[in-house]
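I opened my notebook for a friendly look around a protein model. Here is what I looked up, entry by entry.

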Amino acid sequence: ILILIPIIFFSHQIYSKKAKENLASKYNSAVINYEVGDNSNVIDIMKEIIHEKDKTYSPLALYFLIDNNVPVSNEEINKFFDILINNINLDKEIKYLVIYKKGLFNAEFENENNLITILNPVINSESVWKSHALYLMAEYFLHKNQKQKAKEFYNQILNYKKSNANILKETRKRLNRDFSE
């Protein structure tokens, strides 16, 4: 047993490292193929990588699809976000960042209830991403010409002690410019 345990442990580490290298290779090959114009199976490869539920390459694959406007439905992109959020053991702040990015992605086409539902875990946290999520909601309501709701979110940013300095600065500018009487 004393000999078997270290052998199993090191075998598992070697297997995990090899699997990670294969995933990295698959991701890099897909990106290179896309960049040279071979888009034939990029979507399938990126979907496969997302379903591998890897802390590093699954988010990269999703962001690649979004950033390059690869034709994938909004519904499917949201399912991929849910895989990252619910099925991968991400660090807490990284998870909040993914939730925030899901909110950003959905801000253009979701209604306010769905957007708030998406962002609630971040808004109700003490995360470094909280002020970003509050600002997104404030801008969303301002864009919808719902100034009172927007002002409430801007005020939450002002009252949050850990607000990002740039977000705080932009919030003050916005309040002075659009809400001063």
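Is Tyr-140 buried or exposed? I looked it up: Tyr-140 counts as buried because its relative accessibility is 9%. I noted the cut-offs too: buried means under 20% relative accessible area, exposed means over 50%, and partly exposed is in between, with a 1.4 Å probe and protein chains only.

**Ground rules**

I am working with a predicted model, where local features need pLDDT of at least 70, side-chain atom pairs count only at pLDDT 80 or more, and totals for chains, interfaces and linings use all residues. Residues are numbered from 1 along each chain as its sequence is written, and side-chain values use heavy atoms, with hydrogens and water left out.

**Rings**

I found ten aromatic pairs in the structure. For a pair, rings of Phe, Tyr and Trp (its six-membered ring) need centres within 6.5 Å; planes under 30 degrees apart are stacked, over 60 edge-to-face, and the rest tilted.

I looked up Phe-81 and Phe-105 and found a tilted pair, with 6.1 Å centre to centre and 45° between the planes. Phe-81 belongs to helix α4 (residues 74-87) and Phe-105 to helix α5 (residues 92-106), so this pair ties together parts 24 residues apart in sequence. Helices here are DSSP runs (H or I, at least four residues), numbered from the N terminus. Phe-81 counts as buried, at 1% relative accessibility. Ring pairs also link Phe-81, Phe-105 and Phe-109 into a cluster.

Back to Tyr-140: its ring centre is 5.4 Å from that of Phe-141 and the planes are at 75°, so I wrote the pair down as edge-to-face. Phe-141 is buried as well, with a relative accessible area of 1%.

**Core**

I read that in soluble globular proteins, nonpolar side chains tend to be buried together. A nonpolar core is a set of buried Ala, Val, Leu, Ile, Met, Phe, Trp, Tyr and Cys residues joined through side-chain atoms within 4.5 Å. The largest one here has 54 residues, and Met-46 and Tyr-154 have the most contacts inside it. Helix α7 (residues 130-143) gives the most to this core, with nine residues.

Next I followed helix α8 (residues 147-159) and helix α9 (residues 165-178): their axes come within 10 Å and cross at roughly 140°. The axes are lines fitted to C-alpha atoms, for helices over the stretch in contact, and angles run from 0 to 180 degrees between N-to-C directions.

**Phe-179**

Where is Phe-179? I found Phe-179 in the segment after α9. Phe-179 is buried, with a relative accessible area of 12%. Not counting residues up to four places away in sequence, Phe-179 touches Leu-142, Lys-147, Ala-150, Lys-151, Tyr-154 and Arg-174. The C-alpha atoms of Phe-179 and Lys-147 are separated by 8.3 Å, though the two are 32 residues apart along the chain.

**Two last look-ups**

Ser-58 sits in helix α3 (residues 57-67) and is buried, with a relative accessible area of 0%. Beyond neighbours within four places in sequence, the contacts of Ser-58 include Ile-49, Leu-84 and Ile-88.

Glu-93, in helix α5, counts as partly exposed at 30% relative accessibility. Not counting residues up to four places away in sequence, Glu-93 touches Ser-127, Val-128 and Trp-129.

Methods
Helices (H or I, at least four residues) and strands (E, at least two) are DSSP runs, numbered from the N terminus. Contact means heavy atoms within 4.5 Å.
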